[in-house]
Amino acid sequence: MDVDQQIQELIANAPKDGKTPVLVRAIAPALKNMAGQLSHSQYYVVKTDDDGWLITPLQNRSDPSLEKKVVYAYPTMVDARASFHHSEHPKVLAVLIPVTHILFQMLAMKTVNSTVFFESPGNITPAIEVTQSHLLTTIKDVYRESQTLSQKPSDIA
C-alpha cells in the first residue's frame with residue numbers, strides 16, 4: 001500500500017465526528033513528507049498482550065536522570081521477533097503497520113517521545129528517530145504553509 005492509499009485509509013477509518021477526517025486531510029502533507037524520509041512504507045511494531053505498543057524507556061548514560069520513551073519500528077518480522085527476548089511482557093506480537101499510521105498514532109501517544117525506525121533488515125545501526133516534537137513542528141509548518149498559499153491572491157488579470 002503506497003502512502004496515498006495509507007492516507008485514504010486513515011481518513012476512511014477516522015471517527016465520523018466531522019472533525020477527525022478534516023484533521024487527517026489537513027495534516028496529510030506532513031505525514032507524507034515524514035513518510036517519504038523513511039525507507040519502508042510499512043514497519044513491524046511490537047504489541048503487548050494488552051494491545052498497546054511496546055514502549056522502551058531509555059536513559060542517558062552520562063545523566064541517568066534524563067530518560068525518554070521510544071517505540072521501535074522494524075523493517076522485517078525477523079527483526080521484530082529478535083527484539084522479543086528482551087521484553088518483560090509474556091505475550092508480545094509483531095504487527096505490520098503502515099508508516100503513516102505509525103506517525104499518526106504518535107500524535108496521540110502522550111507517553112512516547114519518539115519512534116525509532118530501523119531501516120536495514122538485520123542491522124539496527126542505520127535508524128531514523130522521529131521525535132513527537134519534530135513531527136508536531138513539521139505538521140504546524142506544513143499547515144501554516146498551506147494556509148499562506150491559500151490566502152495569496154491569484155495573478156489572473
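1. Let's start with a pocket. The lining of the second largest pocket is made up of six nonpolar, five polar and one charged residues. Keep in mind as you look around that this is a predicted model.

2. Which residues lie nearest the centre of that pocket? They are Tyr74, Asp79, Ser83, Phe118 and Ile124, out of twelve lining residues. The volume of the second largest pocket is about 210 Å³.

3. At least two lining residues each come from strand E3 (67–74), helix H3 (77–82), strand E5 (114–120) and strand E6 (123–131).

4. How confident is the prediction? The protein chain has a mean pLDDT of 88, with 90% of its residues at 70 or more. Among its elements, E5 has the highest mean pLDDT (96), while helix H5 (residues 132–151) has the lowest (84).

5. Now for the inside. The largest nonpolar core holds 29 residues, and Ile102, Leu103, Phe117 and Leu135 have the most contacts within it. Two or more residues each are given to this core by helix H1 (3–13), helix H2 (20–36), strand E1 (42–48), E3, helix H4 (99–108) and H5. H2 provides the largest share, seven residues.

6. If you set aside its neighbours within four places in sequence, Leu103 is in contact with Leu31, Met34, Ala35, Phe117, Val130 and Leu135.

7. Finally, look for a second, separate core, which has ten residues, including Val46, Leu54, Val70 and Ala80.

Notes:
Residues numbered from 1 in each chain as written. Predicted model: local features only at pLDDT ≥ 70, side-chain atom pairs only at ≥ 80, totals over all residues. Heavy atoms only, no water. 1 Å grid on protein atoms, 1.4 Å probe; cavity = no way out; pocket = protein on both sides within 12 Å on 5 of 7 lines; lining within 4 Å. Points joined across faces, edges and corners; volume = space filled by probe spheres on them. Helix = DSSP H or I, 4+ residues; strand = E, 2+ residues; numbered from the N terminus. Nonpolar A, V, L, I, M, F, W, Y, C, P; charged D, E, K, R; others polar. pLDDT = per-residue confidence, 0-100. Core = buried A, V, L, I, M, F, W, Y, C linked by side-chain atoms within 4.5 Å. Buried < 20%, exposed > 50% of the residue type's maximum accessible area, 1.4 Å probe, protein only. Contact = heavy atoms within 4.5 Å.
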